[in-house]
Amino acid sequence: MSWVSVVVVAVWAMLPAYVPNNAAVLAGGGRPIDGGRTWGGRRVLGDGKTWRGTAVGTIAGTALALALDALEPTVSDALGVTVPGFPMAAGVALALGAMLGDIAASFIKRRLDRERGAPVPGLDQLDFVVVALLAAAIAAPDWFADTFTLPVIAVVIVVTPLLHLSTNAIAYVLGLKDEPY
Ligand code: CTP
Ligand code: MG
């Protein structure tokens, strides 16, 4: 596969994991998951992790996987690159895994005494990738092995922080997010 194909496959395969965080930013609000509880004098997760944001993010990512699955033959044909389809288990795992990774990162950030919204470079950009990939590997092992080859994973690790930073910067400029990261 050419490197362009690897980049196309990497971004396509990760779209159901990319969209949940952005959908959560749009849908966020309402009851925080931790219900306001603290641990060691700090919030368990903080007000930035809500039930509504998590539910909407997971549904949005899963719905996108179903849509991409339907579009797969057309897109593969048009691009001349065979992009993967998404079995249901893979789509749910990528979307839910992305949300859980983001929640786990907030848990770690609060333990490190970082307030809601404080940046932790690296953690903020890759938290959701690691858990989304782990969840997909567990939920759909054969699909995962076929799709996330080592070159694809390498591209995901390089490209994701760049995409994450640029979409967050756009959300910030549009006034949807309080910080540009
Ligand atoms: N959001 C949500 N539920 C989630 C994830 C995000 O409601 N599971 C919404 C919240 O409104 C949150 C916004 O999306 O403020 C931005 O998400 P993120 O940057 O992950 O949260 P932060 O507010 O920066 O908080 P943290 O420091 O815990 O990451
Ligand atoms: Mg944040």
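Contact here means that heavy atoms lie within 4.5 Å of each other. Keep that in mind as you work through these exercises on a predicted model.

**Exercise 1. Find out where S106 sits, whether it is buried or exposed, and which residues it touches.**

Solution. Start with the place: S106 belongs to helix 3. Next, look at its relative accessible area, which is 5%. Buried means under 20%, so S106 counts as buried at 5%. Last come the neighbours. Leaving out residues up to four places away in sequence, S106 is in contact with V44, L45 and K49.

**Exercise 2. Work out which residues come nearest to ligand 1, and how much of the ligand the protein covers.**

Solution. There are 17 residues around ligand 1, and the nearest are K49, T50, S106, R116 and G117. Now take the side chains one at a time.

- K49 has a side-chain N or O atom 2.6 Å from an oxygen atom of ligand 1.
- T50 also has a side-chain N or O atom 2.6 Å from an oxygen atom of the ligand.
- R116 places a polar side-chain atom 2.7 Å from a ligand oxygen.

Then turn to the cover: on its own, ligand 1 has 570 Å² of accessible area, and the protein covers 88% of that.

**Exercise 3. Follow helix 2 and say where it kinks, which residues are buried and what follows the helix.**

Solution. Begin with the kink: helix 2 bends by about 55° at L71, shortly before the proline P73. Then list what is buried in this helix: G53, T54, G57, T58, G61, T62, A65, L68, E72, V75 and S76. The cover over these buried residues includes helix 1 and helix 3.

Now step past the end of the helix. Helix 2 is followed by G80, which has a positive phi near 70°. G80 lies in the loop between helix 2 and helix 3. Its relative accessible area is 68%, so G80 is exposed.

**Exercise 4. Compare D113 and E179: where is each one, and how exposed?**

Solution. Take D113 to begin with. D113 is in the loop between helix 3 and helix 4. D113 has a positive phi of about 70°, although it is not a glycine. With a relative accessibility of 46%, D113 is partly exposed.

Now E179, which is in the segment after helix 6. At 21% relative accessible area, E179 counts as partly exposed. Finish with its surroundings. Setting aside residues up to four places away in sequence, E179 touches G117, N168 and Y172. E179 and A169 are 10 residues apart in sequence, with 8.0 Å between their C-alpha atoms.

Notes:
Residues numbered from 1 in each chain as written. Chains lettered and ligands numbered in written order. Predicted model: local features only at pLDDT ≥ 70, side-chain atom pairs only at ≥ 80, totals over all residues. Heavy atoms only, no water. Bend = angle between axes of the 7 residues up to and from the residue. Helix = DSSP H or I, 4+ residues; strand = E, 2+ residues; numbered from the N terminus. Buried < 20%, exposed > 50% of the residue type's maximum accessible area, 1.4 Å probe, protein only. Near = heavy atom within 4 Å. Polar contact = N/O pair within 3.5 Å; in protein donor to acceptor, adjacent residues only side chain to side chain. Areas by Shrake-Rupley, 256 points an atom, 1.4 Å probe, with all protein chains shown as cover.
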